[in-house]
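Okay, thanks for coming, everyone. Let me put the structure up, and then I'll walk you through a few spots in it.

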Amino acid sequence: MARINDHYQKLQAGYLFPEIGRRVRAFQERNPDARVIRLGIGDVTLPLAPAVVDAMKGAADEMGTPEGFRGYGPELGAEAFLVDGILEHDFRSRGVELSSDEIFVSDGSKQDSGNIQEIFGQDCRVAVTDPVYPVYVDTNVMAGRTGTADQQGRYGGILYLRADESNGFVPGPPEEPVDLAYLCSPNNPTGAVATREGLAAWVAWALEHDAVLIFDAAYDAFIQDPALPRSIYEIDGADRCAIEMRSFSKRAGFTGVRCAYTVVPKALTGAAANGERVSLNALWLRRHSTKFNGVPYVVQRAAAAVFSPEGRKQTGEQVAHYMANARLIREGLGAAGFTCFGGEHAPYVWARTPEGLSSWDCFDRILADAHVVTTPGSGFGSAGEGYFRISAFNSRENAEEAVARIRKAF
Ligand code: MLT
């Protein structure tokens with residue numbers, strides 16, 4: 001008998017975005033002529049930057065020649081030209097020194113942030129913020145680390161740190177003991193960003209309590225203030241307590257191309273059952289080389305092109321475009337009486353639902369009356385109830401039109 005992994009039965013309904021997709025499809029079937037504007041899932045809309053396209057084409061041509069053809073990539077799957085670009089532009093330029101064997105190139109931060117829990121013990125206690133990117137929670141549920149959910153959808157085995165207006169949606173470290181804490185800055189879904197002092201408090205806490213921070217920096221490129229930290233390794237001691245994830249998805253339009261990386265510093269260790277300290281870098285290397293064969297060569301060339309002078313300029317313009325949308329959404333809805341947060345260092349605006357509507361009722365109302373897709377805040381956790389998220393990933397015209405339609409609907 002093929003017994004299933006019963007922990008999957010503990011997962012809440014469907015994953016958030018397929019449920020939104022289902023509601024939008026049902027709406028479109030009932031209203032085939034409605035022009036729906038999608039500001040729900042944070043998916044990029046601008047075409048790839050020319051520097052990226054040229055690099056992909058060049059790599060494809062190379063692969064079509066006897067001299068340029070490549071099979072499996074290097075042992076870790078990461079090409080030196082890409083890792084060198086990452087080390088130089090994402091870290092050395094911010095005063096952070098890492099080495100190439102601390103960078104693990106992958107096909108997405110969703111996968112990495114979901115898979116990283118595999119190298120930790122079953123009995124590790126996990127903390128997440130609430131609201132939270134659902135992947136952190138669901139993958140720990142699947143792994144059997146959480147127990148069952150209560151009526152609010154909260155799992156007893158997880159410590160939820162409330163991110164709300166009182167703490168600027170950036171909770172500090174918990175009072176009670178935790179082994180793993182997931183942090184995301186700039187934050188998905190709230191758009192809030194951690195300050196240097198805020199991250200330093202987390203690093204000090206993790207070092208004191210022998211905990212590991214899993215820091216998701218997939219949206220770092222959207223930080224507008226150069227004084228704000230982009231990497232947790234800008235904080236002293238973070239290399240002894242933190243794993244970091246970065247992605248090309250949002251910064252360079254790679255949601256359909258797929259390239260990201262995870263940093264696991266060699267100084268970082270966890271405890272074995274006998275108390276021995278074990279390198280987490282070595283464990284992740286073992287996991288990565290067992291379950292993954294690397295990102296396609298053409299994709300790695302495309303990602304490396306993001307670091308070229310033209311690539312940085314062109315992708316910087318893309319980020320600026322989305323951030324102008326974020327400002328327009330935040331200011332446009334704000335002027336109409338909505339209370340908005342985020343959108344200043346992140347491509348997401350987080351707004352209070354009007355008229356005391358629940359998050360899903362607000363989602364349905366905006367879809368029905370404005371033909372705009374948003375994301376219900378409660379889909380990210382019970383503390384997201386009473387909020388909705390608006391993504392800035394779209395054309396200027398659609399962002400303007402969506403704001404106008406939402407204003408008219410309320
Ligand atoms: C989101 O909308 O929250 C993101 O697109 C999800 C993701 O990056 O996986």
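Predicted model: local features only at pLDDT ≥ 70, side-chain atom pairs only at ≥ 80, totals over all residues.

Is Thr-139 buried or exposed? Its relative accessible area is 13%, and the cut-off for buried is under 20%, so Thr-139 counts as buried. Its side chain reaches back to the backbone oxygen of Val-135, at 2.7 Å. Skip the neighbours within four places in sequence, and Thr-139 is in contact with Ser-113, Gly-114 and Gln-117.

Okay, on to the ligand. Around the ligand you'll find Phe-17, Ile-41, Gly-42, Lys-110, Tyr-133, Asn-188, Tyr-219, Lys-250, Tyr-348 and Arg-389. Three of those I'd like to zoom in on. Tyr-133 puts a polar side-chain atom 2.6 Å from a ligand oxygen. For Arg-389, a side-chain N or O atom sits 2.7 Å from an oxygen of the ligand, and for Asn-188 that kind of distance is 2.8 Å. On its own the ligand would expose 270 Å², and the protein buries 84% of that.

Now the nonpolar side of things. The largest nonpolar core has 49 residues, and the members touching the most others are Ile-103, Val-105, Leu-213, Phe-248 and Phe-254. At least two residues each come from a whole list of elements, including helix H3 (80–91), strand S2 (103–106), helix H6 (196–209) and strand S6 (212–216). Take Ile-103: beyond its neighbours within four places in sequence, it's in contact with Val-83, Ile-86, Leu-87, Phe-91, Leu-98, Tyr-261, Thr-262 and Val-263. Apart from this core there's another one, with 31 residues, among them Ile-37, Tyr-219, Val-349 and Ile-406.

Last stop, helix H10. How many residues does H10 have? It has 27, running 309–335, and it reaches 38 Å from first C-alpha to last, close to the 39 Å expected at 1.5 Å a residue. Just after H10, Gly-337 takes a positive phi of about 100°.

Within H10 I picked out Val-319. Its relative accessibility is 8%, so Val-319 is buried too. What is Val-319 in contact with, leaving aside neighbours within four places in sequence? Ala-221, Phe-222 and Arg-251. That last one is 68 residues away from Val-319 in sequence, yet the two C-alphas are 6.4 Å apart in space.

Note on methods. Residues numbered from 1 in each chain as written. Heavy atoms only, no water. Core = buried A, V, L, I, M, F, W, Y, C linked by side-chain atoms within 4.5 Å. Buried < 20%, exposed > 50% of the residue type's maximum accessible area, 1.4 Å probe, protein only. Helix = DSSP H or I, 4+ residues; strand = E, 2+ residues; numbered from the N terminus. Contact = heavy atoms within 4.5 Å. Expected span 1.5 Å × (residues − 1). Near = heavy atom within 4 Å. Polar contact = N/O pair within 3.5 Å; in protein donor to acceptor, adjacent residues only side chain to side chain. Areas by Shrake-Rupley, 256 points an atom, 1.4 Å probe, with all protein chains shown as cover.
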